[in-house]
Amino acid sequence: MKAFFAWIRQWARTAFEAASDIAFYRRLEGRKTGEAVGYLAMFAVVWTVPLAVMFFVGLRDAVTRFAEGVRTEIPPGTVFEMKDGKLSNDLQEPLVIRGSDAVIVVNTATSTLGLQEGESGLVVGADGIEPSPDVGADRVDFARAPDFRVDREGLMGWIARWGPFLLFLASLATLVLMFLAFWAGFLLNALVHGFALWLVLKLIRRPRRWRASFVAAAYAGTAPIVLGMLFNGVEALAFVPGIVYWGFVAWIAYDA
């Protein structure tokens, strides 16, 4: 554990130097490509963890509300059945479960009841699950769903038994996917800026190996990544990290 914290301190010290000291880039000749890739991976972790926690908390609240809605809104003995890709139930009216941030509408009849204008959530119909556009998910079709038949009590038991496991599984999958997406984005940015740096140095007759240009560009992404975290969600400042990144590339090339 002591070695781990020492490594974290060294990483933070490197990040500070990469974001503030041009002399740092003059000492990169001995750095390996793998070090730069690992350095960006740590930034991907820093980006991922808080977002994954927010996702887990939101998903846990949604499952809790859904379970409460099942308990209070569905009459005892109600049966849900999936047969030949069609979901049906014996409810007299569509089921609407409203939370603080989302709405779930279960409507397997011919009624057109769905989400109202401005509402966020999803509609469970006879043929599939349709999320609202802001959810950022695709429609789930029931065409290949296995047949099943479950009553209200069985559904509540299933949620109690499998809900925590599914929460963990969904959070873990989200954590991994977020990490890979951020890491890939950081690496792609480093490749693009590294190529630009390599080309500029070649044109000004200060050639540098491609590997060295990539390593320099990877560390040059430090300040833009931090600014991206700070300005995340602020549309008016979304362009700032990109300008800063190109500014660092120009700074390194001028220093050469």
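Guide: Helix 3 (residues 152-203) and helix 4 (residues 210-220) pack at an angle of about 125 degrees, with axes 7 Å apart. This is a predicted model, where local features need pLDDT of at least 70 and side-chain atom pairs count only at pLDDT 80 or more, while totals for chains, interfaces and linings use all residues. Residues are numbered from 1 along each chain as its sequence is written, and side-chain values use heavy atoms, with hydrogens and water left out.

Visitor: Why is helix 3 called oblique to helix 4?

Guide: Angles under 35 degrees count as roughly parallel, over 145 as roughly antiparallel, 65 to 115 as roughly perpendicular and the rest as oblique. The angle of about 125 degrees therefore makes helix 3 oblique to helix 4.

Visitor: What makes up the contact of helix 3 with helix 4, by class?

Guide: The classes are twelve nonpolar, three polar and no charged residues. Nonpolar covers Ala, Val, Leu, Ile, Met, Phe, Trp, Tyr, Cys and Pro; charged covers Asp, Glu, Lys and Arg; the others, Gly among them, are polar.

Visitor: Why is the pair of Phe24 and Tyr219 called edge-to-face?

Guide: Rings of Phe, Tyr and Trp (its six-membered ring) pair if their centres lie within 6.5 Å; planes under 30 degrees apart count as stacked, over 60 as edge-to-face and the rest as tilted. For Phe24 and Tyr219 the centres are 5.4 Å apart and the planes are at 70 degrees, so the pair is edge-to-face. Phe24 is in the loop between helix 1 (2-20) and helix 2 (33-73), and Tyr219 is in helix 4, 195 residues away.

Visitor: What makes the pair of Phe179 and Trp183 tilted?

Guide: The planes of Phe179 and Trp183 are at 40 degrees, with 5.3 Å centre to centre. Both residues lie in helix 3, four residues apart.

Visitor: What makes helix 5 roughly antiparallel to helix 6?

Guide: The axes of helix 5 (residues 222-230) and helix 6 (residues 240-255) come within 8 Å and cross at roughly 170 degrees. That angle makes helix 5 roughly antiparallel to helix 6. Their contact has eight nonpolar, one polar and no charged residues.

Notes: Axes fitted to C-alpha atoms, helices over the stretch in contact; angles between N-to-C directions. Helix = DSSP H or I, 4+ residues; strand = E, 2+ residues; numbered from the N terminus.
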